[in-house]
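Open the model in your viewer and follow the stops below. Each one says what to select and what is there.

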There are 2 protein chains.
Amino acid sequence: MPARVSIDVRERGGDERTGRHFVDIASFGSVSRADSTPHEPANPMGDTFDRVDTLRDDPRDDIPMAHRMQRFVEALQIRIVKKLESFEGDTSFRLDNWERDGGGGGLTAVIENGDVWEKGGVNTSAVHGDLPDRMVEAFGVEKKPFFATGLSLVIHPRNPHVPTVHANFRYFALGDDLMNPDDQWFGGGADLTPYYPHLEDARHFHRVWKEVCDRHDAVADYDAFKTECDDYFYLPHREEARGVGGIFYDYLRDDPEGTFFFSREAGRRFLRSYVPIVERRLGTDYGERERHFQLVRRGRYVEFNLLFDRGTKFGIETRGRTESILMSLPPHVEWRYDYTPEAGTPESRAMWFLTPRDWLDLDESDVPEG
Amino acid sequence: MPARVSIDVRERGGDERTGRHFVDIASFGSVSRADSTPHEPANPMGDTFDRVDTLRDDPRDDIPMAHRMQRFVEALQIRIVKKLESFEGDTSFRLDNWERDGGGGGLTAVIENGDVWEKGGVNTSAVHGDLPDRMVEAFGVEKKPFFATGLSLVIHPRNPHVPTVHANFRYFALGDDLMNPDDQWFGGGADLTPYYPHLEDARHFHRVWKEVCDRHDAVADYDAFKTECDDYFYLPHREEARGVGGIFYDYLRDDPEGTFFFSREAGRRFLRSYVPIVERRLGTDYGERERHFQLVRRGRYVEFNLLFDRGTKFGIETRGRTESILMSLPPHVEWRYDYTPEAGTPESRAMWFLTPRDWLDLDESDVPEG
């Protein structure tokens, strides 16, 4: 797979802010920089991403967790963007580097109108400054310096047989000294939103996440994270889950080192959780009927993101970068009044999947007929 | 214009609830009932809507304001539905009568896929019961019986040259005795959302509402209501108005009788505020470019309704009827990443209209070139 990260830099991110106990490295902004030169002054290990990753994996106690997490999500962003681009012919991701007024910035990577990806965004950001009032209120803490970094992605494939997917991996720290933050925690997760669901796909997705959690069982609990995901990605006004779930976790603060390792492995498993499903479903033909159903179901996705998603609401309320926050919205959407699929159709069968279930305990005999 | 209100009744509304000091008349549910028979046992004045309206206009002190307002919005709904249907060939409104678990119900009138109206809803409801906790909190009152009735409409035309419009007229009462409520207030308004705006249209729309307000200046203040509309229908994350505004008012409680007369006249002026604009723009040709712009702009409409609209949020939070609340969402919508119209195009000119302005003080020389 050729390295083919296309760059359309709108703004360059900030530079080193060593006085703030961390370096803002959310600002790689050119092909040469992203493709061959690591952000840090020297990298004796070589110039491939894998090697950079290896270097970054070495447990470090001389740089803050904030910094390690930021490096990780930025490397992960490139890896995911490249893999997704490998599905496309001429269409590539556009990269927008942006700065935040209060401090920090991010890199928004968006693909639109691809053959496979109708729209997708893979964003990283690393922002810092004084905690906005809205966050002071939400966290119930005093106004103090904060640092937040994370990767967030949403992928809307064109083919209705390929599920939409969302994932994010986040870190938050409070206090003056990022080497010894007053408080710090990790959050994240991944969830799958199929249009024409298959138990096989739901099971694959959940199996990957269960394996990651099980390998880090001191900090991660698949059953609890799955339940949190089911509870969170739920549309009460539709009495429907957003999709077949996955894992969701927040405020993991007890063991930062262990949670970082878990987050890192979870992030790296993302492609393994999703790509096999894409490869399995991409060849399935579809017509207007499937497309229509997909657009109506995407309406539910919009409803969730704008009515309920905490990240979206929070981002909008704190005056985050609108285009990065709303890049999660699907490209084409339909709302029909009182749409209900006819009984016995594949569309009505899909609804069975929109009730939280223990997919890993089910087999095909549990799935209702089409 | 033939009477052509098509009926597709899902559920019949409740019947008389005389023990509650009012009659639930939100439940007219058949052609014969809606088209020829008034809701009340006897109507000596005849069987046309105009006559029913005339009857309903007589100042009455023997029935509660709640009841008078409900009758008014239900008659207005039929009038508006009929007028809108007169633009269509084969497509007509579908009427859904629904009941609310806690008391009362409504009539949702929806048109989809018409030649002129791609999607539109004209809803009335009259609900009552014990104030839901969410409202107790919002109004800062004790839990007591409430009654609410109103009409709410949103029309999404197919032709991008014809503006989308929204209006609502509402009444709320608190207390055991609707003849002497502990508190009661009116709210409402109308706002216009053009895709390819014309000053002439904005001026026409505002002129109609200013005239109504001026005729009821003891209770209605156009300047104040216009400013409230501008403030309310604003998307802070886009730094854009939803459209060219109109009027918006709420909690008008000082002079119920005078405010009812104002609300009634405002409701009746709705068609006059909108239909001449439709007639003026309906013949304008459009192609893919205009259609695309319309779909992207409709995305903003969705963002406003789901992120900010109090009625939507409130309805969803209090578990109102989802399909009636969300019938305001446009039929087809697009989100493109970081969409910005090219300078000097009609699409970029449209943006000039999305800053609140005193349209009635402007003339064509104030409008920037296309």
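Begin with the cysteines: the structure, a predicted model, holds zero disulfides over all chains.

Select C213(A) and C229(A). Why is there no bond? The sulfur of C213(A) lies 11 Å from that of C229(A), its closest cysteine sulfur, which is too far for a bond. The cut-off for a disulfide is 2.5 Å between the sulfur atoms. Seen from the other end, C229(A) is in no disulfide either, and its nearest cysteine sulfur is that of C213(A).

Now colour by accessibility. Are these two cysteines buried or exposed? C213(A) has 0% relative accessibility, so this residue counts as buried. C229(A) has 1%, and therefore counts as buried too. The cut-off for buried is under 20%.

Next, select residues 94–99 of chain A, strand β1, together with residues 104–112 of chain A, strand β2. The two strands run antiparallel, joined by six bridges. For one pairing, pick N97(A): its bridge partner in β2(A) is L107(A).

Move on to the turn. β1(A) and β2(A) form a hairpin, with four residues between them.

Finally, show both chains. What rotation superposes chain A on chain B? The answer is 180 degrees, with 0.0 Å of shift along the axis and an RMSD of 0.0 Å. The two copies are therefore related as by a two-fold rotation axis. Select the contact residues of chain A: 100% of them recur in chain B, so the same surface serves both copies.

Terms used. Residues are numbered from 1 along each chain as its sequence is written. Chains are lettered from A and ligands numbered from 1 in the order in which they are written. This is a predicted model: local features need pLDDT of at least 70, side-chain atom pairs count only at pLDDT 80 or more; totals for chains, interfaces and linings use all residues. Side-chain values use heavy atoms; hydrogens and water are left out. Buried means under 20% relative accessible area, exposed over 50%, partly exposed in between (1.4 Å probe, protein chains only). Two strands pair if DSSP finds at least two bridges between them. Copies are superposed by least squares on the C-alpha atoms of residues with pLDDT of at least 70 in both. Contact means heavy atoms within 4.5 Å.
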